[in-house]
Every structure is written in structure tokens, then in C-alpha cells.
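Thanks for coming, everyone. Please look at the screen while I bring up today's model.

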Amino acid sequence: MAEFTMELNDEQKEVRDWIHGFAADVIRPAAAEWDEREETPWPVIQEAAKIGIYSLDFYAQQYFDPTGLGIPMAMEELFWGDAGIALSIVGTGLAAVGVLANGTEEQIGTWIPQMYGDANDVKVAAFCSSEPDAGSDVASMRTRAVYDEAKDEWVLDGTKTWATNGGIANVHVVVAVVDSELGSKGHASFIVPPGTPGLSQGQKFKKHGIRASHTAEVVLENVRVPGSCLLGGKEKLDERLARARERAKAGNGERTKNAAMATFEASRPAVGAMAVGTARAAYEVALDYARTREQFGRPIIDNQGVAFQLADMRTSIDAARLLVWRASWMAVSGKQFTSAEGSMSKLFASETAKKVTGQAIQILGGNGYTREYPVERMHRDAAIYTIFEGTSEIQRLVIARTLSGMPIR
Ligand SMILES: Cc1cc2nc3c(=O)[nH]c(=O)nc-3n(C[C@H](O)[C@H](O)[C@H](O)COP(=O)(O)OP(=O)(O)OC[C@H]3O[C@@H](n4cnc5c(N)ncnc54)[C@H](O)[C@@H]3O)c2cc1C
């Protein structure tokens, strides 16, 4: 089991400084432009690919850091640079994790390289689960996957929404219903290979924040994919469905529910770390501004009203990071999330980012409210953390249910 320490080791510090350098020199200077353009920042993704930050190897190395701090550290630094661009860089990772978690070795080897492309021809991937009528309530998903045994093909039909990189991805990972009687246990994930007929981009959303990240509907009309595109394979799916049916008959769905919960608890701190990055970025701008901006003949930080806000901002950011690190360490150490510590970290960090970026605007006064300064963008960006990967209300629901053991609604 990994020893817990508050101090990053030399190797981690080196990696952190390397990512920070990229965030400061390449991401941050490009942030305002891509926010205005509301387009995927392909040249920045390409730069990240050239130095190895946009690659599966990079994520694998951080993921396998035995202290658990590799991923949160990387996320914090990238999102410190800019949330929209950073999401364009890490968005492919969401789809890749879907394949890593459920795919066979052959599927991992075939599809993940196609998700990233290479530095001369970068590609992105999309993970498509949410639907217009199935956001927080994943079990009401309607997209169907029907097996055509004669051709050994799956036929997918439905509409996905809110897909990061949806429609522009080389590879789409699509979650669909294979057995509607089993709720979320009757879902399976499919690869939709590049250029598959029937998959098209629906509406591209014009968003409040993270505007450099492409978010769109994905329409699936009679999309036929080979049997080999079912993640994990048919045999494994049939076994899983048979077990779920038996448990449903016996009135016991707990075991699979707990397995899914453990996965979420382990992945949510990564989103918390993104929020810490955005919050820290806004706090640093505000601290710098408060030291240099003078009113009434002295720097505004000379006023307790301003200095105390900065003290609170920094305290919340550090507390959020500690919750994120604790949950990440628990995940890598195989600890049970008996108090939904992963959800706690995502809840607290995302609410902190929203609050701190708002406080930063206040400290910058009129300048904070303009696009001449970055805190306005950071505040818009921060609003996403309390919404995606489970809203704050859903995190509270999970925490309350875990603490109480009651089916709180
Ligand atoms: C920019 C962006 C990128 C995204 N990227 C992806 C992606 O790549 N892939 C993907 O599959 N999805 C993605 N999502 C979808 C995201 O995960 C969903 O938006 C989120 O899960 C919430 O679903 P919803 O929007 O349908 O809101 P709803 O579920 O309709 O919720 C609306 C409100 O009701 C509240 N609420 C709902 N149920 C309860 C309850 N039981 N108790 C208390 N309050 C409740 C919610 O907290 C929220 O405040 C993305 C979303 C955005 C905005």
C-alpha cells in the first residue's frame, strides 16, 4: 500500500513543473482566443501531442502513480492553464477510460491509438452517455443496441446529447440499452469506428463557459457496427446480463450497484482537481491585482475586506485539494469509500471553484467584469464543475445515502 505523504516526490515535482510550463507558456496565452472562437483548439492539442501530454502514455503514467496523486496533479495544472482548452486535451481520456475499463486487450490496442492519432495528425474521441431525457437519471436512457445475429453486427439507434467532442471525434464510445428490463444494468458500451454511416453530429451547443471545448448532440440512425465493437465482447455481456436478471429476480441489485459506485468514487476526484486548477488560477490573478491596484492611496489588499476574502479563497482551495488528494489516495490504496469521499471531493472542489472565481471578479472590480482580464472567463468556466460528471445535487444525494444507508430521494 502506498505511504501517504503531503509532499510530492522529486519525480512528481518534475512532472508537475513540466505540465505547468506547458499550461503557462502554451495554454494560458491561447485561452482568450479559443474562448472567443468557440472552437476546438487543434493547434494547441497538436502542441500537447508533440511533447507527449496528449497521449495515452501520459495518462497511463499518471494513473499508475502509486501515490494516487499523478492524475489530480496533472489535471490541476492543465486546468490552471485554461479549462476549455484543457478539456479539449483531456476529453479524449474520458472515452479512452471507457475502453480501458470495459474493453478486451485487442479492443484497447485497436481503438485507443485511433482516438489520439499522432502528433502530425491528431484525433479526438467522444464518450456518449447522456441523452435529452437521461442526464442525472442515467437509467432512463433510450438509445437501443440490437444484435443482428446473422451478420454479427449491432444496430444502434438514438440521440445522445452533451457529448464532449461529439461528431468531431474519430472514435465515439456510445452507451446503449441492450436489455430495457434491467435499468442501468442492461446498458453496454460500443465503439463506433471512424466514418461509420448513420452517425452524425446534431446541434453544436453555444455554451456559457469552457467554450474551447466542443459539445454537441450525436445522432445515431441505423448505425451498424461489427460484433467486435461491443466492449468486453458478447460472451461477457451475456454472462453479466444473466447475473443481473437472476439478481433482479431475487430482488437483490446491490452488488453491481456498489461496483458502479466504487468506479464513480474513484473517478470523481479527477474532476475535483480540474476545479481546483481553475479556482487557483483565479485566486492568483486576484492576489496579484489586490497587491498592485491602489485606491485611497494604498493597495486594495491593505483593506481587511479584501485581504480576508483572499484568505478565505486560499483556505477553501487548499481544503478542496486535500479532499481531492485524500480520495485519489484512497482509490489507489483500495480503500472503501465508506463516506463517499470521492463525491465529497468533487462537490466541495466544484462549489469552491464557482465561489472563488466569483470572488476574484469582485476583487478586480470593473476590470474583473471584462474580457480584458481572465477571471470573467474562469468564472464562466467554473460553472461546469457543479454540473457535469454528476451535479452537486447528485453528489449530495450519493453522500447522504452513503452516510445514512437510507434511500434518500
Ligand atoms: C459542457 C458539458 C459537457 C458534457 N460532456 C459530457 C460527455 O462528454 N458525455 C456525456 O455522456 N455527458 C456529458 N455531459 C452531460 C452531463 O453529465 C449532464 O449534463 C449532467 O449529468 C446533468 O444532466 P442534465 O443536464 O440532464 O440535468 P438534469 O439531470 O435534468 O438535472 C437538472 C437539475 O435537477 C437536479 N436534479 C436532478 N435529479 C435530482 C435529484 N434526484 N435530486 C436533486 N436534484 C436533482 C440536478 O442536480 C440539476 O440541478 C456534459 C454536459 C455539459 C454541460
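Let's start with a quick one: does Ala 340 count as buried or exposed? Ala 340 counts as buried, at 1% relative accessibility. Buried means under 20% relative accessible area, exposed means over 50%, and partly exposed is in between, using a 1.4 Å probe and protein chains only.

Now the ground rules. This is a predicted model, where local features need pLDDT of at least 70, side-chain atom pairs count only at pLDDT 80 or more, and totals for chains, interfaces and linings use all residues. Residues are numbered from 1 along each chain as its sequence is written, and side-chain values use heavy atoms, with hydrogens and water left out.

Back to Ala 340. Ala 340 sits in the loop between α9 (304-332) and α10 (341-368). Helices here are DSSP runs of H or I with at least four residues, strands are runs of E with at least two, and both are numbered from the N terminus. The phi of Ala 340 is positive, near 55°, and Ala 340 is not a glycine. Most residues other than glycine have a negative phi.

Asn 165 is another such case. Its phi is positive, about 70°, and Asn 165 is not a glycine either. Find Asn 165 in the loop between β5 and β6 (171-177). Asn 165 is buried, with a relative accessible area of 0%.

Next, the annotated domains. UniProt, in an unreviewed entry, places "Acyl-CoA dehydrogenase/oxidase N-terminal" at residues 9-115. UniProt positions follow the numbering used here, feature names are shortened, and annotations may be inferred rather than shown by experiment. Residues 9-115 are 83% helix and 0% strand. The end C-alpha atoms of that span are 32 Å apart. The unreviewed UniProt entry also puts "Acyl-CoA oxidase/dehydrogenase middle" at residues 126-223. That span is 0% helix and 49% strand, with its end C-alpha atoms 16 Å apart.

Zoom in on helix α2, residues 42-51. Which residues are buried there? They are Val 44, Ile 45, Ala 48 and Ala 49. Down the axis of α2, the buried residues fall within an arc of 145°, so they line one face of the helix. The arc is taken from the directions from the helix axis to the C-beta atoms. In general, an α-helix has 3.6 residues a turn, so residues three or four places apart point the same way. The buried residues of α2 pack against α1 (10-37), α5 (83-102) and β2 (121-122). Contact means heavy atoms within 4.5 Å. Just after α2, Gly 52 has a positive phi of about 95°.

On to strand β9, residues 215-226, which holds Val 219. Val 219 is buried at 19% relative accessible area. Beyond its neighbours within four places in sequence, Val 219 contacts residues including Gly 158, Thr 159 and Leu 199.

Last stop: the ligand. A side-chain N or O atom of Thr 391 is 2.6 Å from a ligand oxygen. For Ser 130, a side-chain N or O atom is 2.8 Å from a ligand nitrogen. Phe 127 uses a backbone N or O atom, 2.8 Å from a ligand nitrogen.

Note on methods:
A polar contact is a pair of N or O atoms within 3.5 Å; within protein, one must be able to donate a hydrogen and the other to accept it, and residues adjacent in sequence count only if both atoms are side-chain atoms.
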